[in-house]
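I opened this model to look up some backbone details and a few overall numbers. My notes follow in the order in which I took them.

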Amino acid sequence: MAENGLKKKLNIAVVGGGLVGSLEALYLAKRGHNVSLYEYREDIRNTPQVRGRSINLALSVRGRTALKDVGLEDHIIQNHGIPMKARMIHRTDGSTYEIPYDARTNQCIYSVGRNYLNGLVLKETENYKNVEKHFNHKLIEANLQKGALTFLNTDTKGTVQVNADLIIGADGAFSAVRKAMMKQPLFDYSQKYIEHGYLELCIPPTEDGQFQMPANYLHIWPRGNFMMIALPNQDCSWTVTLFMPFQNFKAIDSEESLLDFFTKYFPDSIPLIGQKRLVEDFLGGSPSPLLAVKCRPYNVADKALIIGDAAHAVVPFYGQGMNAGFEDCTLLDRLFQYHHDDLAKILPEFSETRWRDTFAISDLAMYNYIEMRDLVTRPSYLVRKAMDDFLFWLLPGVWVPLYNSVTFTTMPYSHCVKNREWQNTVLLYLFYFIIFCVFVGVWSYLR
Ligand SMILES: Cc1cc2nc3c(=O)[nH]c(=O)nc-3n(C[C@H](O)[C@H](O)[C@H](O)COP(=O)(O)OP(=O)(O)OC[C@H]3O[C@@H](n4cnc5c(N)ncnc54)[C@H](O)[C@@H]3O)c2cc1C
Ligand SMILES: COc1ccc2c(c1)CN(c1nc(C(=O)N(C)c3cc(Cl)c(F)cc3C(=O)O)c(Cl)s1)C2
């Protein structure tokens with residue numbers, strides 16, 4: 001707050017115009033600050049959207065809350081997002097079965113196009129004169145303590161010097177802002193590349209432009225040490241993501257070995273993708289790596305802050321990366337409101353209160369990576385899910401299963417984990433009690 005009691009307009013540089021950076025620019029614009037958004041790539045609204053190639057993501061309540069704050073939730077839910085009410089599990093014989101996300105209240109998650117959502121948020125910033133967007137600007141140097149940034153304009157090949165009251169790094173898993181932050185003393189950092197990579201394939205729409213599979217589902221082909229999933233697109237195509245160890249990808253190096261592999265493990269997907277397209281896309285592409293990043297603190301004094309994947313890239317096996325990044329923006333906005341834009345209070349409090357939750361979702365996603373590939377096929381998973389669903393139905397305010405709390409509530413991720421721990425304890429004692437009753441029953445019968 002300025003001396004005269006009026007709110008001080010900050011000059012804020014947001015590095016990274018992806019999903020989280022563009023949303024953060026919008027949040028800050030709505031607070032009246034002068035925002036300059038710098039994005040390495042060109043404006044994605046001008047890049048041709050290759051048909052049926054859009055990469056999509058699962059939007060759940062944490063991300064919806066942020067979009068609601070900036071007035072975009074209704075548009076996404078009513079005009080773009082495709083509701084997914086259940087998982088559709090594909091067995092190797094091609095038969096399928098459903099596992100609803102929330103049988104009690106029929107809540108669902110939404111499949112949204114990454115570029116569509118990014119473009120929508122960027123477009124919304126056009127309504128604010130206090131937002132400047134600079135595309136083709138790559139951050140190459142940062143002096144965070146001084147609020148000084150150097151960008152390479154990839155168009156002109158010239159450099160651009162920028163000074164800001166606040167630098168927000170939303171520049172993704174390989175963040176340049178975080179790299180500068182790592183020079184700070186007491187900055188903790190760890191990263192993990194998992195052994196699996198992912199390759200995106202496409203199930204096109206039918207000749208008459210309809211979905212080839214039931215639309216309102218997240219389709220999963222769980223196969224033990226690898227898995228495939230498919231999310232629906234607005235154009236009735238599916239973005240299919242195959243997760244598999246890099247060495248397995250490497251072993252599939254010919255049309256014959258590829259078709260043998262898919263015939264054995266994903267036979268029903270071959271006619272859906274199309275044999276020719278499968279061969280072209282699989283052998284013509286290469287698997288991308290998956291990186292998890294944990295670091296803290298997220299701020300440098302009252303000068304700089306990292307959010308989104310720059311702060312906490314997670315493996316995608318909970319569908320929460322974007323949702324967690326959007327939740328960063330929501331929580332940061334609440335702190336701006338509570339501390340009247342006083343960065344000396346906001347930034348340290350964001351770091352101190354957020355890292356436990358981002359570490360928790362990172363661990364949950366990594367656990368899912370290890371479990372999920374065949375978890376949904378395990379009887380123990382289905383028994384536990386049935387018990388969770390029953391107790392959730394019986395005691396909805398008390399017993400919120402882990403998957404529901406992560407996906408369908410804004411309960412802090414670390415509380416979701418604590419919740420699960422006491423539920424495990426209760427179920428363990430319940431199990432012992434049942435065993436004891438059976439033992440007493442059998443003993444009484446045999447006496
Ligand atoms: C296979 C896969 C599936 C996923 N599925 C889901 C899902 O279903 N649901 C979900 O919530 N999340 C999902 N995620 C995670 C989600 O994609 C990320 O969490 C999200 O994109 C993070 O957004 P971000 O803006 O922080 O980073 P990014 O999306 O990486 O954006 C960073 C931006 O910064 C720019 N940039 C980078 N370096 C510089 C620089 N030096 N100077 C200027 N600009 C720079 C980049 O060009 C980019 O535009 C998935 C991720 C993967 C890999
Ligand atoms: C675009 O690429 C990707 C890649 C991975 C994901 C997504 C999009 C969206 N993802 C979601 N995961 C959950 C979830 O909570 N769990 C436990 C699951 C975890 C796995 Cl790995 C899975 F296959 C199904 C579920 C499931 O429950 O449906 C959601 Cl809810 S959405 C994972």
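I went to Pro 297 first. I found Pro 297 in the loop between β17 (288-296) and β18 (299-300). The peptide bond from Arg 296 to Pro 297 is cis, with omega near 0°. I keep in mind that this is a predicted model.

Next I looked up positive phi values outside glycine. Leu 186 has a phi near 65°, a positive value in a residue other than glycine. I placed Leu 186 in the loop between α5 (176-181) and β13 (188-203). Is Leu 186 buried or exposed? Its relative accessibility is 78%, so I count Leu 186 as exposed, the cut-off being over 50%.

I noted His 340 as another entry of this kind. Its phi is near 45°, again positive in a residue other than glycine. His 340 sits in the loop between α11 (321-338) and α12 (343-375). I read a relative accessible area of 48% for His 340, so I log it as partly exposed.

Then I turned to a hairpin. Strand β5 (residues 86-90) pairs with strand β6 (residues 96-100) over 5 bridges, in the antiparallel sense. Which residue of β6 does Arg 87 face? I found Arg 87 opposite Ile 99. The hairpin of β5 and β6 has 5 residues between the strands. In this hairpin I noted Gly 94, with a positive phi near 90°.

I looked up a parallel pair as well. Strand β1 (residues 11-15) and strand β2 (residues 34-38) run parallel and are joined by 5 bridges. Asn 11 stands opposite Asn 34 in β2. I also checked how covered β1 is. Of its 5 residues, 4 are buried, and I note the strand as mostly covered.

Gly 71 was my next stop. I located Gly 71 in the loop between α2 (61-69) and α3 (73-80). Gly 71 counts as exposed, because its relative accessibility is 57% and the cut-off is over 50%. I then took a C-alpha distance from Gly 71 to Glu 124. These two residues are 53 apart along the chain, and their C-alpha atoms are separated by 9.3 Å.

The C-alpha trace spans about 85 × 60 × 40 Å along its principal axes. I compared the radius of gyration with the globule rule. For 447 residues, a compact globule would have a value near 22 Å, and the protein has 24 Å, so the two agree.

I looked up burial and contacts too. I find that 52% of the 447 residues count as buried. Among contacts between residues at least 6 apart in sequence, 71% join residues at least 24 apart.

The accessible surface comes to about 21100 Å², and 56% of it belongs to carbon and sulfur atoms. I noted 46 positive and 47 negative charges. How far apart are the mean positions of the positive and negative charges? I get 3 Å.

How values were computed. Residues are numbered from 1 along each chain as its sequence is written. Chains are lettered from A and ligands numbered from 1 in the order in which they are written. This is a predicted model: local features need pLDDT of at least 70, side-chain atom pairs count only at pLDDT 80 or more; totals for chains, interfaces and linings use all residues. Side-chain values use heavy atoms; hydrogens and water are left out. The radius of gyration is taken over C-alpha atoms; the globule rule is 2.2 Å times the number of residues to the power 0.38. Buried means under 20% relative accessible area, exposed over 50%, partly exposed in between (1.4 Å probe, protein chains only). Contact means heavy atoms within 4.5 Å. Accessible areas come from the Shrake-Rupley method with a 1.4 Å probe; for residues, only the protein chains shown count as cover. Lys and Arg count as positive and Asp and Glu as negative; His and the chain ends are not counted. The place of a charge is taken as NZ of Lys, CZ of Arg, CG of Asp or CD of Glu. Two strands pair if DSSP finds at least two bridges between them. Helices (H or I, at least four residues) and strands (E, at least two) are DSSP runs, numbered from the N terminus.
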